[in-house]
Amino acid sequence: MTHQDAPERPRISLWDVSADEAGPPAEGLSRDRVDVAVVGGGYTGLSTALHAAGAGLSVQVIEAARVGHGGSGRNVGLVNAGVWLSPGAVRRVLGPERGGRFLDWFGDGPRRVFDLIEAHQMRCAPTRAGTIHAAHAPRAMTDLRARHAAWAALDAPVELLDRDAVRALTGSSAFHGGLLDRRAGTVNPMGYCRGLARAARGAGARIAEGVRAMGLRPDPGGGWVLATDAGSLRAGAVVLATNGYSDALWPGLARVFTPIRFVQFATRPLDGRAPRVLKDGQGVWDTGRIMVSLRRDAHDRIVIGSMGRLHGTVAGGLSRRWADRQIARLFPDLAGIGFEDAWDGVIAMTPDHLPRIATPAPNLFVPVGYNGRGITTGTLFGQAIAEFLTGRDPARLPLPAGNLAPARGGRIAAAVYDMAFTANQALRGF
């Protein structure tokens, strides 16, 4: 599907209209009790549905808008290993045993994602050329050297790059070195989300779009009753897979994380211009405190993003000026190329930069706080929850399940960050 033949509906991102995978067909809400009810049609919910249905459980997914409407369809599309924290920091937070298991599990995350893509022939433009954590300043190389040493000690296929090597891979002289992780890659994030939906339906799960969860209460007969605007649904277990788009369905859920906006701009296709720019398809994110991301999509566009909301439109405004200036800074040969799409989305950040799987009540699972690593985290958490529901030892979950603890000052912090990100766009857009 291309921009020209996309259906007439409000689009949420470039990926929404460039994905080759179609959304799921219309399907109503189950009138029978199901083993698992999933709220949210993104990576986590659909991975849960795929793996639970594949294990023989009856599954109903409900999505208030349409599959991929939240963070999954607004993602950058980097399939990264690990989390934001360094391996040493993960062990300090989780302890040596669980931290080691977590690192093994998340280090293998990209392979699991790409294996699913291959197994179900998902049409999501997968590229397995790795990703580059690029040094925005010389001082950032100190941290990247330490990360390289830590991952290399775990036999991970990571490579420390000097300035010339990064320039050769990215086509930009703006970076001072980097860390290439060959486990990682890129996808069309909406294509992957819709591919998960197709695979989940093929395994027997039901997916109802345009159905909003309105309330949740224990079922006297065991399990839960999920009230929706299309009727009630009874389920043995419920997974609230809404992450950064969580609302008041469960008390306190929306206060567990700090919501951060992330804006992206997609250039017009390069059409042969600057052939050295991201020539091998690696995704890039830099070490700046206000991170910048870069990638090249399957249709030869450069997609640039950063923390902050979309101010204005793709045609003009504060964010457009920022994007113009950044493209010119990073790739002088592309100055003035113009943009054809812009969008933003929400990242759920936690105080320790680790995700959560909360179990605030029996048979209620709340995975949340992906800190910008939604593709691998959502896929892995969905698989882990499904395995738990089919009898896996809870001690083998990638993180200890617990209660929902609010992020201290989360909403105030979000407002402060938002102002800082807006100021950054203003300063770097002129």
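I begin with Arg 101 and Glu 97, whose side chains meet in a salt bridge at 3.8 Å, N to O; by salt bridge I mean a side-chain nitrogen of Lys or Arg within 4 Å of a carboxyl oxygen of Asp or Glu. This is a predicted model, in which local features need pLDDT of at least 70 and side-chain atom pairs count only at pLDDT 80 or more, while totals for chains, interfaces and linings use all residues. Residues are numbered from 1 along each chain as its sequence is written, and side-chain values use heavy atoms, with hydrogens and water left out.

Because Arg 101 and Glu 97 are four residues apart in helix H4 (residues 96-107), about one helical turn separates them. Helices (H or I, at least four residues) and strands (E, at least two) are DSSP runs, numbered from the N terminus. Glu 97 is exposed, at 62% relative accessible area, whereas Arg 101 is partly exposed at 27%. Here buried means under 20% relative accessible area, exposed over 50%, and partly exposed in between, with a 1.4 Å probe and protein chains only.

The structure holds 24 salt bridges. One of them joins Glu 27 and Arg 206, with the closest N and O atoms 4.0 Å apart. That pair links distant parts of the chain, 179 residues apart: Glu 27 is in the loop between helix H1 (14-18) and strand E1, and Arg 206 is in strand E8 (residues 206-209).

Asp 219 and Arg 234 form another salt bridge, with a closest N to O distance of 2.9 Å. Asp 219 lies in the loop between strands E9 (213-218) and E10 (224-228) and Arg 234 in strand E11, so the pair ties together parts 15 residues apart in sequence. Is Asp 219 buried or exposed? Asp 219 is buried, at 12%, while Arg 234 is partly exposed at 39%.

Beyond neighbours within four places in sequence, Leu 196 is in contact (heavy atoms within 4.5 Å) with residues including Leu 46, Leu 50 and Met 122.
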